[in-house]
Amino acid sequence: MERKHLETVHIVGMGALGLLYGSTLSEGGAEVRYVVDEERFARYQGMNVTCNGKPFSYKLVKDQETEPADLVIVAVKSTGLEHALDTMTGSVGPETVIVSVLNGISSEEIIGERFGKEKIIHTVAQGMDAMKFGNRLQYTRTGKLHIGLAPGEREENLEALKDLFERTGLGYVEEPDILRRMWSKFMLNVGVNQTCMVYGTTYGGVLCDGEPNRIMISAMREVIALAAEEGIRLSENDLNQYIEIIGTLDPDGTPSMGQDRINRKPSEVELFAGTVMELAEKHRLYVPVNRFLYRRVREIETEYI
């Protein structure tokens, strides 16, 4: 049987991660297109984009004019996922592999329900500090994509994805237990994303002794308790490892929700505290810190109006 080969890549989303992975794959020789609707095509056509100060010559294709790609990368915020599913429909064929770099623990299930879970490779984007303001992408660390098989996913798709990443120089780690890794990253995001937004601070700010640091760690511990109820084993050791990861990032940088506050955009609080509160109700657990963070984020977002 001929080995599967991924060459054409369609990316839905031109935010920080969409540009980070698109530019890396393009430089590595992959054929990359950003799939957009007609309104975005008109808005993005000819737009000057820079990655760490260097011009990035990207290519657009309208969603109504696409043909199936070998790989589709979904790189939107969770608030834009439903629209992304419609945008990528023409890009998905019978043999297309789909990767989601969205935060949270639910996007793969949602995408799989629409296009088939056998097309999915579970993926966690970790260790990057990419920030996008206007048309400028800035980062000091590209991090790695952690990939692995969940039940129902195909080994041949995983091998083809690893081959693409090796050919193009995109860093990755193959995970023996990808669901545990996803919950670990969810724990981190629940803590650092929401805390940075609520306190208007940075990666360096949440590591200093003080209220933001205490709130971040407490929010993460609430996720550890929920994960146990969901059959996922997380520990204080996992928490400490992720705190160490924060210490490797640009101390003046801020995660996506921190950027949302600066750009006055709706955040992914439903994905983080919203999910925590929903699961807490299911398992009859008390999650006061995430309830506090949820309330404060919603209050901040009302100030945008």
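On a 1 Å grid over the protein atoms alone, a pocket is an open set of points with protein on both sides within 12 Å along at least five of seven lines, a cavity is a set of points where a 1.4 Å probe fits but cannot get out, and lining residues have an atom within 4 Å of a point. The model is predicted, so that local features need pLDDT of at least 70 and side-chain atom pairs count only at pLDDT 80 or more, whereas totals for chains, interfaces and linings use all residues. Residues are numbered from 1 along each chain as its sequence is written, and side-chain values use heavy atoms, with hydrogens and water left out.

The second largest pocket is lined by 18 residues, of which I105, E108, E109, H122 and L179 lie nearest its centre. Helices and strands are DSSP runs numbered from the N terminus (H or I, at least four residues, for helices; E, at least two, for strands). At least two lining residues of this pocket come from each of α4 (107-115), α6 and α11, and α4 gives the largest share, four residues.

The whole structure holds one cavity of 30 Å³ or more.

The table gives volumes, each being the space filled by probe spheres set on grid points joined across faces, edges and corners, and residue classes, in which Ala, Val, Leu, Ile, Met, Phe, Trp, Tyr, Cys and Pro count as nonpolar, Asp, Glu, Lys and Arg as charged, and the others, Gly among them, as polar.

| Space | Volume | Lining by class |
|---|---|---|
| Second largest pocket | about 430 Å³ | eight nonpolar, four polar, six charged residues |
| Largest cavity | about 60 Å³ | five nonpolar, four polar, one charged residue |

Helix α6 (residues 178-199) packs against helix α11 (residues 270-283) at an angle of about 120 degrees, with the axes 9 Å apart; axes are lines fitted to C-alpha atoms over the stretch in contact, and angles run from 0 to 180 degrees between N-to-C directions. In this contact (heavy atoms within 4.5 Å), α6 contributes W183, F186, N189, V190, N193 and Q194, while α11 contributes L271, F272, A273, T275, V276 and L279. By class, the contact has eight nonpolar, four polar and no charged residues.
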